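The points below are meant for a colleague who is opening this structure without having seen it before.

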Amino acid sequence: MTLMPSSLMRAAALALILSGASHAARAADEGITVYNAQHESLTKAWADGFTKETGIKVTIRKGGDTELANQIVQEGAASPADVFITENSPAMVLVEKAGLFETLPKDVLAQVPANFQPASGRWVGVAARSTVFVYDTRKLRESDLPKSLLDLADAKWKGHWAASPSGADFQAIVGALLELKGEKITAEWLKAMKANSTAYRGNSVAMKAVNAGEVDGAVIYHYYYFGDQAKTGENSSNVALHYFRNGDPGAFLSTSGAGVLASSKHKEQAEAFVKWMAGKRGQAVLRDGDSFEYAIATGAESNPKLEPIAHLQAPKVEPSKLDSKKVSELMTAAGLL
Amino acid sequence: MSVQAQPLRAYAVIATQPLRLRRVRQLAAKSLFGLAALVSLVTLLPLGFILWITLQTGWETASALIFRPRVGELLVNTALLEVLTLPPCIVLAVALAWLTERSDVPGARLWSWLAVAPLAIPAFVQSYAWVGVAPGMHGLFAAVFVSVLAYLPFLYLPVAAQLRHLDPAMEDAAASLGLAPWRVFLRVVLPQLRIALCGGSLLIGLHLLAEYGLYAMIRFDTFTTAIVDQFQSSYNGPAANMLAGVLVLSCLGLLGLELLIRGDARYARVGSGAPRPASRRSLGRARGIAVLLPLTLSGLALGVPAYALGRWLIAGGSEIWQARELAAAFGETLFYAVGGALATTLAAIPMAWLSVRAPGRLQRVLEGCHYYVGALPGVVVALALVTITVRVALPLYQTVATVLLAYGLMFLPRALVGLRAGIAQVPVELERAAIALGRRPVGAILSVTMRLAAPGVAACMALVAMGVTTELTATLMLAPNGTRTLATEFWALTNELDYAAAAPYAALMIALSLPLTALLHAQSRRVAGQ
């Protein structure tokens, strides 16, 4: 009777030591730590390609845009992060304003056109995503579709569209609206949105709801559709994408950024990683992989399945101008947050 | 066994050196008391944090963040969830327990296993299955429905154990005094189930408050989902902390309510001899209909998840079995489960020993600390530890130690309950004899008492390990960089709507929990003397 438990304890202790050893081994590995708000599969593909080429290990911590940005600000100089990657630019601006980014070397910045990076050179765009209106083809014909994002404030759209207002993605779109049309129009539009739209948690969930016939359409980013089509197609079989074009706020192209933390103890490797992502092989991951985000480096090609970036007629918005604080104030006032 | 001879020799020694031994024993009690007090102090961290952060935020900001329409909305949502979920759980648990324990329903033993089995399915996997089968499911009633399926075993287990326990003599007396069978049930049996019903309901009520994954997946906003939302947009901002404060108050409110309803009536049986086992009531022609209840419940709580998982596993094919990633997540989960179980059990030993060997007023206060902290949702514990480590204990920030500390706090009551029962069954004389023979007091407790209490220790470690295996929020918020457990990976994949790729992680979590669930079921039967 007394033998069984002690051998049980011994086995437990052994298991602990074994897995503890693998733990310690990982911690001891020199390499870089990436705070990643991008889709994990994309960053993992980047990190794996980079590690394979350079031998530098990459450890990824995942989280949301503003979650990780605020976390970095809290951690300050003690942050374990070397590199920060986001889905949208407002979170990059937040860390930049806190003075926590290192200025990137010229050769890193030179790879990407000026409209995908801030004038300060503190971070650089590595990918982009386009705003779209995903709609149920069984319910809406092309002639029913909104001409502009602003049309969705119209009473006839009441109860017919959805979005994910709590996500950083949608907040970046509102940021673009604010930058392009000003505070008054944005505030009114948000008020109408509160009355007209259904809130979902996450763009993919919103698309899934459109596909299931719960709601007619949703404002999301383009790649959720292509990603699902490439997998089972189960959540996108009944939907199509509508591009707003004409420089409309709804045609906003959001920049995903990457930057090196000033507190990093591995700056050289960290800069090498950012350079790699914005470089030829990093951009090729966007073309060949299943992320379906746009490649943006000079001369880089995107996935041929996508609507060409030149046809999107996106509005001109400087990525570092997006004011995340004002956006969250306006959205809270409208009762969306 | 050789141990039997030892007490005699030991008593001879005690007779010659009574004073020294008493002092040694007092020393043991004192040092354990110190340790238990230390653990209690740590359990006060989350509560202290909430108070500290409220003071720091200042009343004006705090009240602006607490008294706003959104919080009212969440309060209504959470209250409705509690009020609508608990009654059906109670009715179903009592009906199910009566059928499996007291009737001749066909396959009673099988149903009693199947009634406990949903415990092996993490709540967020249960809702993942339902969302997969019925994509449109969302909102309050969907939340209530899935909650009932996921948490029913928490009530079924204690109620069934209690029903097995009851002395049928009381029911016989009531019947012989002329009460109809169903009146006997209402007036004699049901009141005796009160403690089991209160305890089980409290457990479910606390889970409803703390659960994140289930409700996020089914799109129903509660305090916990709102806190995580806030955390994901502003890290540990004041809005998240204030919501956590309201959530803590709700939990403490539930604890108080249970204490009030439970009362302090006496339920122990008086008289000599042992109760005979209760006879099973014949259902007659209703047998066929009665079997529909356990059949339907098992079909919904086990069949649907099995179907959904099976469908995704087949749809995903061999591609989703990424052996390296799966093995890594499995190993990491095992590490945290074993580490968490060891740490939690070690932390609970001093209090468990004191509550059996040296109960007292102060001891009861400290024991209360051990219990209250288990009622706190993972998100609150994690929020407290994130802020404390990042601001004042940076070397502990994002370390395994902090994660284990969080698990320890959350699962302390689970460990304490099992340990206490185990220690109570070890004769104190053996421990004294070991001390008399020269063992150090703490050494005697560890090598004699704890060794004999081992079956109880193993059961409570299994319970803690099961909790850790399916823990999501605290792990997400506190884990070191690069940590991937089965639960966090499953969650990340479902967030990308990659339900097929998430299926193997869900299957592994269930595979890990299943033996632990079986152990739990066996344990509950043994306690009832069967």
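1. This is a predicted model, and the domain assignment of chain A gives domain 1 (18-126 + 254-305) and domain 2 (129-252 + 323-333). The C-alpha centres of domain 1 of chain A and domain 2 of chain A lie 27 Å apart, and the contact takes 17 residues from domain 1 of chain A and 12 residues from domain 2 of chain A.

2. On the side of domain 1 of chain A that touches domain 2 of chain A, α3 (65-75) and α4 (89-97) of chain A each supply at least two residues, and α4(A) gives the most, with 5 residues. The residues of this side of domain 1 of chain A divide into 6 nonpolar, 6 polar and 5 charged.

3. Turning to the two chains, 37 residues of chain B are in contact with 40 residues of chain A. On the side of chain B that touches chain A, the elements that give two or more residues are α13 (223-234), α17 (323-357), α22 (441-452), α23 (454-469) and α25 (486-495) of chain B. The largest share of that side, 6 residues, comes from α17(B), and the residues of the side of chain B that touches chain A divide into 20 nonpolar, 12 polar and 5 charged.

4. The largest nonpolar core has 177 residues, of which Tyr156(B), Val159(B) and Ala406(B) touch the most other members. Domain 1 (1-43 + 321-530) and domain 2 (57-263 + 291-306) of chain B both give residues to this core, and it therefore lies between them. Leaving aside residues up to four places away in sequence, Val159(B) touches Ala93(B), Val94(B), Ala97(B), Leu193(B), Ala196(B), Leu197(B) and Gly200(B).

5. In soluble globular proteins, nonpolar side chains tend to be buried together.

6. How many helices and strands are there in chain A? Chain A has 12 helices and 9 strands, and 51% of its 337 residues count as buried. Among contacts in chain A between residues at least 6 apart in sequence, 77% join residues at least 24 apart.

7. As for overall dimensions, the C-alpha trace of chain A spans about 75 × 60 × 40 Å along its principal axes. The radius of gyration of chain A is 22 Å, which agrees with a compact globule, because with 337 residues such a globule would have a radius of gyration near 20 Å.

Terms used
Residues are numbered from 1 along each chain as its sequence is written. Chains are lettered from A and ligands numbered from 1 in the order in which they are written. This is a predicted model: local features need pLDDT of at least 70, side-chain atom pairs count only at pLDDT 80 or more; totals for chains, interfaces and linings use all residues. Domain bounds come from an automatic or database domain assignment. Two residues are in contact if their C-beta atoms, placed from the backbone, lie within 7 Å. Helices (H or I, at least four residues) and strands (E, at least two) are DSSP runs, numbered from the N terminus. Ala, Val, Leu, Ile, Met, Phe, Trp, Tyr, Cys and Pro count as nonpolar, Asp, Glu, Lys and Arg as charged, and the others, Gly among them, as polar. A nonpolar core is a set of buried Ala, Val, Leu, Ile, Met, Phe, Trp, Tyr and Cys residues joined through C-beta atoms within 7 Å. A residue is buried if 20 or more other C-beta atoms lie within 10 Å of its own, exposed if 12 or fewer, and partly exposed in between; C-beta atoms are placed from the backbone. The radius of gyration is taken over C-alpha atoms; the globule rule is 2.2 Å times the number of residues to the power 0.38.
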